[in-house]
Amino acid sequence: MAIHNVDILIIGAGPSGLYGAYYAGFRGMSVALMDSLEEPGGQITAMYPEKSIFDVGGFAEIKGKDLIENLLLQSKPSKPIFLMNQTATSLTKNPDKSITVTSETDIVHTKAIIITGGIGRFTPRPLPAADGWGGKGLVHFVPKMSEHAGKDVVIVGGGDSAFDWANELHPIAKSVTLIHRRDKFRAHQATIDQVTALGVPLITEAEVTKVSGNSHIEKIEYTNKKTNEVTELTCQTLVAALGFTANIGPLAEWGLNLETRKIVVDSGMHTNVERIFAAGDISTYPGKVALISVGFGEAATAVNNAVVAINPEAHLFPGHSSGSVE
Ligand SMILES: Cc1cc2nc3c(=O)[nH]c(=O)nc-3n(C[C@H](O)[C@H](O)[C@H](O)COP(=O)(O)OP(=O)(O)OC[C@H]3O[C@@H](n4cnc5c(N)ncnc54)[C@H](O)[C@@H]3O)c2cc1C
């Protein structure tokens with residue numbers, strides 16, 4: 001197990017958690033971000049990276065993935081430790097008020113926790129035939145298109161992500177093929193029309209039934225569900241865009257006051273457990289509105305209150321990032 005010691009552990013690297021990481025650094029705190037997904041960005045990365053967002057302050061329009069890119073850049077000076085592919089499972093409160101959180105492979109000793117777990121831990125829906133090919137050509141996200149330049153890409157799925165990625169990868173990949181098990185797609189018709197116009201083969205009512213290669217994927221086979229005909233395709237990147245399931249999971253066992261799978265907080269984002277705070281979609285209070293911009297404000301409030309919980313002499317008000325005006 002790897003051991004980390006930080007002032008603040010943020011559980012959930014969605015927009016609220018990433019902004020919280022910036023803020024922790026701004027307040028002079030060392031910070032780690034833990035997330036069960038392989039990529040930061042929470043719901044945005046998992047569900048709508050290519051969609052435009054219009055209601056985040058300061059951006060008339062911004063693509064989901066660009067917002068996450070900016071948040072990562074903004075958090076960089078805080079030097080956050082990213083603990084990705086890690087689910088916060090157990091929590092121990094220590095006599096000195098510090099807290100220990102463990103995940104599958106790491107132990108984090110921290111002075112305070114901010115839970116920004118959104119709608120819960122995301123788990124990619126599995127593609128059974130590709131079991132064991134993770135890290136060897138099988139991906140669930142395509143955050144950087146350039147990594148797949150010149151490759152034969154097979155995308156499995158019929159939703160917006162599958163079509164968005166087909167659209168984006170087509171100009172740079174050697175080939176793009178989309179396979180879907182139904183004859184109807186869930187994606188927006190405009191995106192389907194775009195991908196169809198590009199000439200991307202759309203293979204419907206078929207399932208990937210075999211993946212083969214040596215140290216990396218080289219080929220896949222798909223089976224037509226009606227005729228049982230098996231077809232082989234050359235493939236180096238297999239994108240399983242089958243969606244995600246979300247589950248609040250282990251966090252529900254931590255003795256926190258919950259209201260319909262949300263963590264109850266006060267105006268300082270304190271939960272009922274000392275030194276544990278919650279912000280973003282996972283937090284609730286009367287009048288709560290679950291929006292990215294609301295999560296940003298709550299994350300700042302949570303960090304400032306955590307700083308005071310850690311050091312009662314500290315000011316709650318952080319001063320302005322722009323510095324004092326003479
Ligand atoms: C299709 C769609 C479109 C949307 N459009 C907009 C929009 O236009 N404007 C807007 O304001 N909002 C929009 N939203 C809502 C917005 O995405 C959410 O409000 C926002 O993502 C919440 O951010 P968050 O950081 O609080 O949580 P999330 O984005 O949900 O991130 C939480 C993270 O916590 C992780 N996590 C949870 N539990 C654990 C655990 N135990 N251990 C480790 N990691 C854990 C999860 O894996 C996840 O990555 C949209 C949502 C969807 C689905």
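How are H1 and H3 oriented relative to each other? Angles under 35 degrees count as roughly parallel, and the axes of H1 and H3 cross at roughly 25°, so these two helices are roughly parallel to each other. Keep in mind that you're looking at a predicted model. Here's a quick tour of the chain as a whole, its packed helices and the surroundings of its ligand.

**The whole chain**

- Count the elements in the protein chain and you get six helices and 22 strands.
- The C-alpha trace spans about 70 × 45 × 35 Å along its principal axes.
- A compact globule with 326 residues would have a radius of gyration near 20 Å, and the 22 Å of the protein chain agrees with that.

**H1 against H3**

- To describe two packed helices, you give the angle between their axes and the distance between the axes.
- For H1 and H3 (residues 64–75), the axes come within 8 Å.
- The crossing of H1 past H3 is left-handed.
- On the H1 side, the contact is made by Pro15, Leu18, Tyr19, Ala21 and Tyr22.
- H3 brings Leu67, Leu71, Leu72, Gln74 and Ser75 to that contact.
- Sort the residues of the contact of H1 with H3 and you find eight nonpolar, two polar and no charged ones.

**H4 against H5**

- H4 covers residues 160–169 and H5 covers residues 189–198.
- These two helices pack at an angle of about 35°, and their axes are 9 Å apart.
- H4 passes H5 in a crossing that is left-handed.
- From H4, the residues Asp160, Phe163, Asp164, Ala166 and Asn167 take part, and they meet Thr191, Ile192, Gln194 and Val195 in H5.
- The residues of the contact of H4 with H5 split into four nonpolar, three polar and two charged.

**Around the ligand**

- The ligand is surrounded by 37 residues, and the closest are Gly12, Gly14, Gly42, Gly118 and Gly280.
- Three helices, H1 (15–26), H2 (42–47) and H6 (292–310), each supply at least two residues of the shell around the ligand.
- Strands E2 (31–35) and E9 (121–124) also supply at least two residues each.
- H2 gives the largest share of that shell, with four residues.
- By type, the residues of the shell are 17 nonpolar, 16 polar and four charged.

Notes: Residues are numbered from 1 along each chain as its sequence is written. This is a predicted model: local features need pLDDT of at least 70, side-chain atom pairs count only at pLDDT 80 or more; totals for chains, interfaces and linings use all residues. A residue is near a molecule or strand if its C-beta atom, placed from the backbone, lies within 6 Å of it. Ala, Val, Leu, Ile, Met, Phe, Trp, Tyr, Cys and Pro count as nonpolar, Asp, Glu, Lys and Arg as charged, and the others, Gly among them, as polar. Axes are lines fitted to C-alpha atoms, for helices over the stretch in contact, and angles run from 0 to 180 degrees between N-to-C directions. A crossing is left-handed if the near helix is turned anticlockwise from the far one by less than a right angle, and right-handed if clockwise. Two residues are in contact if their C-beta atoms, placed from the backbone, lie within 7 Å. Angles under 35 degrees count as roughly parallel, over 145 as roughly antiparallel, 65 to 115 as roughly perpendicular and the rest as oblique. The radius of gyration is taken over C-alpha atoms; the globule rule is 2.2 Å times the number of residues to the power 0.38.
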